[in-house]
Amino acid sequence: MLKIWGRLSSVNVQKVMWAVRELALPHTLTEVGGRFGGVDTPEYTRMNPNQLVPVIDDGGFVLWESNAIVRYLAARYGSGTLSPADVCLRADADRWMDWQATEWQPAMRTAFLELIRKPEAERDPAAIADSLQAAERYALRLDAALKGRDFISGTQFTMGDLVLGCAAHRWLGLPAERPATPHLSAWYRRLMMRPAVQGVLTLPLA
């Protein structure tokens, strides 16, 4: 059985848990990280020297880094579905997964930490404004890419949508003003109707 370590308040763990549910994989989840602690133990550090979540153990194969885990699960258990059979569609999904991890998510990180994880009296308004402004540019790019599309790579829901959807959930859940993104918002609503996402992405943000 697939073993997972993490906490559902982590966007990176949410990606993995959503993928597992899409693929209907039997699994266990051990809560670590954040208020649960446990990531600095020798046992956990042997699995992930970065002491971050998530980590999986699939029959003795240990893997960390959320997007790598999603790609692995999609390739092993969802070939032709989450991982498209067409190499071009798969590369397109890969591209957007990398974009989420290297561009959009880092841009919104400060705004999320300040608005969600800090008491109001301790927040830095200038840092929040800068982060929101940077993240808005990426949200508008994603909105433009989704125009006329049901999903990011066309008509098929893929691992790219799953990873982007977790980031979009965080973005749209921030208690802040955002520019109108009608295509992104319509796509997000389609994602939230999927049975597998229920209980993984919830509001308000933790």
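Is C88 buried or exposed? This is a predicted model, and in it C88 has a relative accessible area of 56%. Exposed means over 50%, so C88 counts as exposed. C166 stands in contrast: its relative accessible area is 0%. Buried means under 20%, so C166 is buried. A disulfide needs two cysteine sulfur atoms within 2.5 Å. By this rule the count is zero.

Turn next to the sheet. Four strands form an open sheet in the order β2-β1-β3-β4. The pairing is mixed. From one strand to the next, the twist averages 15°. The edges are held by β2 (27-31) and β4 (61-64). Each edge strand has a single partner strand, so one side of each lacks a neighbour in the sheet.

T30 belongs to strand β2. Its relative accessibility is 37%, so T30 counts as partly exposed. Which residues does T30 touch, leaving aside neighbours within four places in sequence? They are I4, W5 and G6. T30 and W5 are 25 residues apart along the chain, yet their C-alpha atoms are separated by 4.8 Å.

W5 leads on to β3, where W5 stands opposite V55. Strands β1 and β3 run antiparallel and are joined by three bridges. On β3, V55 and D57 point one way, while I56 and D58 point the other way. All of these residues are buried.

Strand β3 (residues 55-58) pairs with β4 in the antiparallel sense, over four bridges. D57 stands opposite V62 in β4. D58 has F61 as its bridge partner in that strand. The hairpin of β3 and β4 has two residues between the strands. There, G59 takes a positive phi near 65°.

Helix α1 (residues 11-22) lies across β1 (2-6), β2 and β3. Helix α1 runs at about 155° to β1.

Step back to the domains. The domain assignment gives domain 1 (2-78) and domain 2 (87-194). Their C-alpha centres lie 22 Å apart. The contact takes 13 residues from domain 1 and 17 residues from domain 2.

What lies between the domains? The largest nonpolar core, with 65 residues, has its most contacts at W18, I56, L73, W104, L142 and W187. Helix α4 (residues 87-117) gives the most to this core, with 10 residues. Domain 1 and domain 2 both give residues to the core, so the core lies between them.

L73 and I56, two of the residues with the most contacts inside the core, also touch each other. Leaving out residues up to four places away in sequence, L73 touches L2, V16, V20, L23, L25, I56 and G78. I56 is also one of the buried residues of β3, pointing the same way as D58.

Methods:
Residues numbered from 1 in each chain as written. Predicted model: local features only at pLDDT ≥ 70, side-chain atom pairs only at ≥ 80, totals over all residues. Heavy atoms only, no water. Core = buried A, V, L, I, M, F, W, Y, C linked by side-chain atoms within 4.5 Å. Buried < 20%, exposed > 50% of the residue type's maximum accessible area, 1.4 Å probe, protein only. Domains from an automatic or database assignment. Contact = heavy atoms within 4.5 Å. Pairing = 2+ DSSP bridges. Axes fitted to C-alpha atoms, helices over the stretch in contact; angles between N-to-C directions.
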